Every structure is written in structure tokens, then in C-alpha cells.
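These notes are for a colleague who is opening the structure for the first time.

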Amino acid sequence: FRAYSHSEIARDAATIKNSVVMHLTTTFLRTPDSMDSGHAYLASAFSVRDRLLQRWNLTNEYHSNIGAKTIYYMSLEFLVGRTFDNALLALQLRDEYAGVLGDVGFRLEDIIDEERDAALGNGGLGRLAACYVDSMASSNYPGWGYGLRYRYGMFQQQIINGYQVEAPDCWLDSPNPWEFPRADVTYPVKFYGHLVRDPEVSYRYKWESNVVYDAMAFDMPVPGYGTENVGNIRLWSCKTNGLFDLNKFNAGDYQGATGGQVAAQILTDVLYPNDNTNEGKELRLRQEFLFCSATLQDIIARFKKTGKPMTQLPELAAIQLNDTHPTLGIPELMRILIDEEGLSWDEAWDTTTKTFAFTNHTVLPEAMEKWPVPMMDKILPRHMGIIYDINLFFLQSVEERFPKDRELLRNISIIEESNSQQVRMAYLACVGSHKVNGVAAIHSDIIKQTIFKDFVRIQGEDKFINKTNGVSPRRWVNECNPDMSRLITEAVGDRSWINDLTKLKVLESKVDDKEFRQSWWEAKQKNKARLAEYILATTGINVSPDALFDVQVKRIHEYKRQLMNILGVIYRYHRLKQMSAAERTKELHRVVVFAGKAAAGYWVAKQVIKLINSVAEVVNSDEEIGDVLKVVFIPDYSVTAAEYIIPASDISQHISTAGTEASGTSNMKFVLNGGIILGTVDGANIEIGEEVGEEQIFFFGCLAHEVDEFRHYLRFHQPKPDEALQAAFDMIQSNTFGDAHIFQPLIDAVLCGGDVYLLTVDFPSYVEAHKAVEAAYRQHDDWVTKSILSVSRMAKFSSDRAVQEYAEEIWNIEPAPVGKST
Ligand code: 26Y
């Protein structure tokens, strides 16, 4: 047994320089004279990584030696973004590396820019997973993320002729310093095949198949901040080398020889680019199973090293399901426990439900995962059988308590009796877990009243809880907003706020400090200037940092209502065109920024992107308008783009139809960076409003409980746009932004399609809210006060708080800081 002492990291310039040069010359076979910024990045990254490795090894060794209970966060998505800067900050080596690189003529910022994002996720759900592993590492919780190592992450978005065009994200084309291949950690994963019943135990089977793929682990370090702990994200990749058929090759059948490799590789080739729409594709089901099977085998293998009986698994492992995507982990654990470890059904079920917990992230019906029973039966015959049995025992227990309620049984059955039958993954996840949570207070209430209503009645209120989302202060303040962070550090007196956002409270005492207020404003202006440069570089559009920056960045989706935003812009343009030049000079200057990707197959969302770009083209080149109004669509939104955009916003829009956005997390990031929200009474906006106070947030629109009634009314009555909305429609229809036919379907969805997202209902109050924002922004001093007060009250939205709540109320796990014990 060894002592866990504080591992010293050499910080002097000479040692750092040596290690960079060492990597440059030996890892990359370059000489200092021929070093370009790409190799400067790689050599520096490898040198930083060396410094992380020591801590990483110690963390893993320590946790296994003390037999720490570990949390396994299972997610098909990890939207990590870049790692280099994050690691430099965590190790507190940023200035040192800046110095060394400066000596050889490089700016650290440029070197940081060489790194490609790890974009293994779509949007909020994937980024949440990344923030949570960051918080686990920084708060010393033994925790691992598990995911898939997609060869192609989130597609690159190009804008061509105003339309979104998708290009593959070949992020692994250059060496990736932030992953460790673990060829020795490889598991076989079976598909298809048939079952042989155990002669002795009726519910035990042998699953035989010759379709077996190997999943191999790649580990990504997650540097904890202000601690010795380094967390881990273990990503599975399909291994193909064993699948090369030499006999076919020798016989001249070259395609046949590699056919097996192709079939295997495709399983971890691409991230499905859908966010909140379930397509039910067979390949996706196979991806999900590969992921679940490899992960569960790995967790079990680690547990077995303790020599404890399998029924004690829940004492050492907590598994969190990030939405239903990893739900097959439940029947996979049952299969391992029953068929391979010899547990009885009841022991296996008890162990499984105590191990798993499930987070729901959406109420949109189109996002609910359902798999056709025939598809599941073909690909995973054993799991289909286990799901039938889980359902049977569950329904039997319900029938006992609520006899003769056929309708109840039909409603809660894990198998939906449609044509064909479907497995309802949310119900399976719920029945197989000891806790189910939503991601903001309103959302957790809604799921209790809708999809899980009957389950609350049957399984009790206590199982269904709320865990409001949070975001990492490391990435979303300290890393992305250095100037504001410096001010906070000065106000707090040290950097402790980075791991404890309750410290932000002291900012409240600075709100009347003239000098502080001036610096606060300057920091924002500097961030806006930085974004203006980024906008110029990515779009060629010139914007002035003196304008109000009005930002909506997120996935493009009808429920998020980017359409309402652009219609508001059109109405503003219409009004400006009606004014005299003299009147226009009195108007507040505004830059409206959009960014976000549409799922490749989501036609309506793609038309919205086209409309935004068409409006931008006309408005930005209108000389009468000049700087009074600019419209920008920044292409290829990403974690890195967000790090430029979010700190630069004055006002950001979070304007989903009430009751549709489960939480939202960028809303938290904007306010933490001194921006103000214009939003609906939805998701986490509500709780942000509670924390910062109503003076600091601009709410508008109908309330969640009113939505059904409006929708019902609009199904049977022609929606009536108010004058402002009508003016926007008229402008489109008179070909102001090009051929109106292209956009007619968007207008029809409102006027003839029942206006499902209630644009006609909310538009009048939306326009009013914009006026209120404008009036407030003109009161410059009050605006600065709002900004400072908001930040000072945002402690709740740290992912550290969220992870601590999960740890205490769901995972039953405690921090185990490395280096604190000997
Ligand atoms: C079924 C499959 C195609 C699918 C894939 C991805 C379904 C949903 C998703 C992603 C959902 C998602 O990102 N949801 C968002 O989760 C955030 C974190 O909890 C919330 O803040 C946000 O409101 C919610 O839309």
C-alpha cells in the first residue's frame, strides 16, 4: 500500500520548455526550427498531458485501493469541446506555458485555437454530461463517464446560399493528445443468434451467436480543478482488426475480406445528429446495445476484483442513465446476473433496481424512444425475453393492487400494444430504476403529471424527484471569460469561487463601487469586441461592439422558436423602414446573433436557417439601416463557438413555448457571464428568475398550464396574427427576402397548421418585452447593476451543486479526495 502524497508538478520554464521540445522532437519528429503552430499545440498538449497522467494514475489507484463507491454516468453523448486550455487552468500552468510559448514567438491564444473540439454530442444533454464529469472530478467524487468514441462527431455546418449543408466532422484526423487507447480493455458484444434454455432453471438461458464484435476502451482525462483528482470518460470503439478475412483475401475477394470490418466499424462511426427526435433506426439500436453491453461488462469486471458477492454491487456502483438512450443497460445487467453469475431472478432484479437511476430530459412526444418488438427480438433475443419478464412481473404486481383495471395495465405496460408492438424505453428505465428525475422544477412536475402519472400512483411520490441542471463554472466562467473572472477573483480575494459559486455573493457589495462597475462594463465591451472579430472572421459581417448584442444560440427546433425571433427582427426592420432618417438616428443599435444546427433530416428547421440568412442578407446591405440593425447567423455552432459568444451577450433569448424546454442550460451560462435573459416562463428560466429577482429578467408569453387550452382552441379556429406579426408575414410574402414561396410553409405552419408552438399567442407580449429590454438597456447604470446583481445570485446553477445533490439523494456516495489521506 502506498502513500498518496501531493504530486509535485514541475512549473519552472526550463523544465516545461524541455518537455515541449522533447515531444516536438521525439513524439513528432520535428525540430524547433520547423515548428508551426499546429506542432506547437501538439507538443505543448503532450507535455501538459504528461503532467496530468501522474495524477490520473494516482486517482484510479487510490479509488480502487480504498474500495470507493463509484458513480458511472452513462451517456450516448459527451459534448466536451476542447481540453488543452481547460487542463492548463486546472493544473494552474496557463501563465507558465504562455511564457514558454511566447519565448519562441507564439501566442497561447493561437495555440489553443489549433485544437479541434471533441463534439461527441448534439446539444444540452451531451454538454450536461461533460459538465457533470467536470464537477465530479473537481468535487472529488469517484466518477466515470461512459460513452461511445464516434469517429465522426457532430457534423460541421456550412452555410451555402443561406442553406445548411452538412460535412463530416473528421476530428480524429490529427493526433488526439487527450485519449488513451486501452487495447487490453476490450469486450465481446453479441448480436442476433438464438437461445438455449437452461435445463434446470426455467428463466436462465444461454445466448449463442456468431455475430460478435469487440468494443475497445479509449480513456479521456477529466482534469479536476483545485484538486489532485482526475476523472475519466471511457469511450468505446468497435475494434476491427480481428475481422479481416485472410482466406477471402487470398482468394482474391478483397471486398469480402474487409466486409466484416466495415460491418463492425459502422457501429461507432457516427453520432446520430438528432436532438429531441427519435428516428427508430436499427443501427442506432445496435449502437446503444454495444455501448450498454461493453459498459456493464466493464463495471462488473471491476466489481468482481473486490471478491464481493454480486448482490453487493449497489454498495460500490451507482449507474445514472442520461435519458433513455442507455436503458438497455438494465436488461443487460439482468442477463449477466442471471445467465452468467447464477443469481435468482429476484436477487438480480433487486440488485439492478438499486444500481440504476434515470434522468428524463424531455416531454416532447417525438423524442420518446420506442423500439419495435420484432426489431429488438431479432437483434437482441435474450434482452427481449428479459423485458417481457420484467413487464410481466411488474404488471402482475400492479394487478394485485389495482385489480381489474385493464386500462391502467394497458397504459403502464412497457410493451405498447400498437401495430407492431413497441418497447417504451422510458417506462423500462423507470421500472428498472430506484429514482427518476427531471432537470428543472417545472419539468419534474410536468413529467409527474404526464408520462409518469400512473407510475407515481403505483410506485410512490418519493421515487420521482427534481435535480435542476447546472453548468461548470470552470469552463463557463473561468475559461471563457478571463476578464470578468479576474474581477471576481479580486472581489472575492482569491480563486475559491471557481469551486464554490456561493462566493459570488460578495459581488453584491461591489454594486455601488464606481471603479468596479466601470471595469465590469469594460470587460463586457472587450468580450463584445472579441465576438465582433469572430463574426467578421466567420461571416464577413462587420458589427459594432457599441450596439446591443441580442443572442439566440441553440439547436434549431420549432419548439425553441427561432422563427418567432426572426419574425420579430423582420417586424423591427419594417418599422425602421417606415421611419424618417432623423427618427432612425434615435433608435438603439442592435446586433441580432443566431447560431445552431438543425438535424440533417429536419426540413422545417433548415428552412428557418434559410430565412434567417435571407433576412440577414437584405438587412445588412440596406444602407438606410446601416448599424441600426445587423443580423448574423454564425455557422457551425460548437462548444468553442459558445465560449466566444456567451460572454459577449447583453440580452439572450430563451423563448420556448411554455412547458416544452425541460431546463435549458445556456440560459444559466449567459447569466453567469453578466448577460440578461429575455425568456418565457419555462424550464430553468423560472428558477433563474427566482434567484436573480424579477428586476433582472424579462419574462413574457403564456404559461405552461395555459398551453393545452390555446392549442385546443387553435385546432378549431383560424389563428389571428396581431398587426405586428401580420406586418412581418406581409414583408416575407412581398418577396422582400427573396422568393416568398420558399418560406410559405413556415407561415402556413402558423396560419394553417394549428400554430402548435403558439406564435400568434405570444408574439404581442414578445414585442412588448423587447421594448422593455430596450428601455432598460438605455438606462446604462441600471443595466450594469442588473448584470452584477444577477451574477452575484447565480450560485444555484453550478453543476457542483447539482452533482452534490445527485450524490446525496440518488447515488449515496461521498467525496474521496486523493492526496488527503496517507
Ligand atoms: C432519441 C434521440 C434521437 C435523442 C437524442 C438526443 C433524443 C433527445 C436528445 C437530446 C435531448 C436534449 O439535449 N435535451 C436537452 O437536455 C438538456 C439537459 O438536461 C436540457 O437542458 C434541455 O432543455 C433539453 O432539451
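1. What radius of gyration would a compact globule of 822 residues have, and what does the protein have? A compact globule with 822 residues would have a radius of gyration near 28 Å, and the protein has 27 Å, which agrees. The radius of gyration is taken over C-alpha atoms, and the globule rule is 2.2 Å times the number of residues to the power 0.38. The C-alpha trace spans about 90 × 75 × 65 Å along its principal axes.

2. On the basis of these notes: the model is predicted, local features need pLDDT of at least 70, side-chain atom pairs count only at pLDDT 80 or more, and totals for chains, interfaces and linings use all residues. Residues are numbered from 1 along each chain as its sequence is written.

3. The protein has 33 helices and 24 strands. These are DSSP runs numbered from the N terminus, helices being H or I with at least four residues and strands E with at least two. Of the 822 residues, 50% count as buried. Buried is used for a residue with 20 or more other C-beta atoms within 10 Å of its own, exposed for 12 or fewer, and partly exposed for values in between, with C-beta atoms placed from the backbone.

4. Contacts between residues at least 6 apart in sequence were also sorted by separation: 77% of them join residues at least 24 apart. Two residues are in contact if their C-beta atoms, placed from the backbone, lie within 7 Å.

5. The domain assignment gives domain 1 (66-82 + 117-148 + 178-468 + 805-811) and domain 2 (541-786). Such bounds come from an automatic or database domain assignment. The centres of the two domains, taken over C-alpha atoms, are separated by 37 Å.

6. Where the domains meet, 27 residues of domain 1 are in contact with 22 residues of domain 2. On the domain 1 side, β2 (78-81), α6 and α17 (441-449) each supply at least two residues. The largest share of that side, four residues, comes from α17. By class, the domain 1 side has eleven nonpolar, twelve polar and four charged residues. Ala, Val, Leu, Ile, Met, Phe, Trp, Tyr, Cys and Pro count as nonpolar, Asp, Glu, Lys and Arg as charged, and the others, Gly among them, as polar.

7. Which residues are closest to the ligand? Of the 23 residues that surround the ligand, the closest are Gly124, Leu125, Asn274, Ala662 and Ser663. A residue counts as near a molecule if its C-beta atom, placed from the backbone, lies within 6 Å of it. Helix α6 (residues 124-138) gives the most to this shell, with three residues. The shell divides into six nonpolar, 14 polar and three charged residues. Domain 1 and domain 2 both give residues to the shell, so the ligand lies between them.

8. Helix α4 (residues 94-103) has Tyr97, Val100 and Leu101 as its buried residues. Seen down the axis of α4, these buried residues fall within an arc of 95°, so they line one face of the helix. The arc is that of the directions from the helix axis to the C-beta atoms. An α-helix has 3.6 residues a turn, so residues three or four places apart point the same way. The face of α4 turned away from the buried side carries the exposed residues Asp95, Gly102 and Asp103.

9. The cover over the buried residues of α4 includes α1 (13-27), α2 (37-65), α3 (84-90) and α5 (108-112). Ala14 and Val100 are 86 residues apart in sequence and 8.4 Å apart in space, C-alpha to C-alpha. Just after α4, Gly105 takes a positive phi of about 90°.

10. Some backbone angles deserve a look. Most residues other than glycine have a negative phi, and most peptide bonds are trans. The peptide bond from Asn419 to Ser420 is cis, with omega near -5°. Ser420 is found in the loop between β15 (415-416) and β16 (422-424).

11. Asn735 is not a glycine, yet its phi is positive, about 65°. Asn735 lies in the loop between α29 (723-733) and α30 (744-751), and with 11 C-beta neighbours inside 10 Å it counts as exposed. Asn812 also has a positive phi, near 50°. Asn812 is in the segment after α33 (799-811), and its 13 C-beta neighbours inside 10 Å make it count as partly exposed.
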